[in-house]
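My notes follow as numbered points.

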Amino acid sequence: SKRRSLHIQRQHIMKMNPNVFVLFMCAVVVSFVLTFMTWENDGDLPRLSSTALPGSREYHPKSVGVLVVGNEQREEVLATAFKSLGQHVILPLERTGFEVYVAVCTSGMQKSAKVAVQGLLRVDHYFDFKASNQFHRADQCYRHVKRMREKNFSYLIKARPDAFWLGDIFQPFREDAVMLRARAISDARINSQHNSWVPNKCGVRCKEPRCLMTDDAVAVVPERWQSQYFLLNFSSADSDRHDNVQTQRADGHERDEGRLFLLGEQSKKNCTCVQKGWNEGRLTMRLVKHSVTALVSPFHFVLAPPNPKGSPWRQQGTHVHNDTDWRWCGPLSDSRLLT
């Protein structure tokens, strides 16, 4: 019987040579340790890391939504752009400990292109809809994502489907300011990665001090400013602003080498370099309306070459941006302006 068999085994172990018995027990211990390690590696046992909470398998104190907004149709461009997005944006964020969500908001994206993109990185949602312009598309993309998610994102990254990233996204992010590039700037120290227009080292020349016209291509938007940045018809009822987030309200002339701006009525009245007919100018005026704090930040990417029938200005977006050509951008009359 089974009971008799166990009794015989116990008698056999007791009659063992002491040295053999010690080796036998060591083998049992090693077997148990190896089994435990296998369970842990297979994920059958919870592993607590520095960001884990007792009783939870995984805990992310911060989440990032990457909203890829645009109307690029060329499959070879999309494949290259999304491969670089995964390598230089999504992977660095995940290594930092962020939970990353990806949404693509476009119109008429072909099934073959989606298959190619999905083979390069995980896209959580595709939203396909027509839009009158880039700002309307960003507005609708933001609304679609908000309907799909119960919780707010710590940060939203607005990206383009025709951008080839050449370097990792700059971290750490700021909770108090929208991080973006400048189209025109004065009274700040920058390099080409802070500026969207390489041929003009300081963008459009501003004759007044402390002026900024924001770029509209990419941005890292903290939770505090997300509705103000994305919504075209923002009102206080749409705000998800939290009182416990402390925003640096002082002008950033000394802090961040002049790259921190409080966009307010002074900008609206005095900065003639903000060209209201340009997309960059329209975005800037919307941020000014809501007194958004902006930090001019480096982003290392280039745009894909334009279509043959596309706008010739796009060719300027293909210039590689240098991060070593630091200069002081002063007002037009400032002798410190380097040209």
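1. A disulfide is taken here as a pair of cysteine sulfur atoms within 2.5 Å, and by this rule the count comes to 4 disulfides. This is a predicted model, in which local features need pLDDT of at least 70 and side-chain atom pairs count only at pLDDT 80 or more, while totals for chains, interfaces and linings use all residues. Residues are numbered from 1 along each chain as its sequence is written, and side-chain values use heavy atoms, with hydrogens and water left out.

2. Cys211 is joined to Cys271 with an S to S distance of 2.0 Å, and with -90° about the S-S bond this link is left-handed. Both cysteines count as buried (under 20% relative accessible area, where over 50% is exposed and in between is partly exposed; 1.4 Å probe, protein chains only), Cys211 at 1% and Cys271 at 8%.

3. The sulfur atoms of Cys202 and Cys329 are 1.9 Å apart, and the torsion about their S-S bond is about -85°, so this disulfide is left-handed. Cys202 is buried at 5% relative accessibility, and Cys329 is buried at 0%.

4. Cys105 and Cys141 form a disulfide with an S to S distance of 2.1 Å; the torsion about the S-S bond is about 70°, so this one is right-handed. Cys105 is buried at 0% relative accessibility, as is Cys141 at 0%.

5. With bonded cysteines counted along the chain, the disulfides follow the pattern 1-2, 3-8, 4-7, 5-6.

6. Leaving aside neighbours within four places in sequence, Thr284 is in contact (heavy atoms within 4.5 Å) with Leu212, Met213, Thr214 and Val274.
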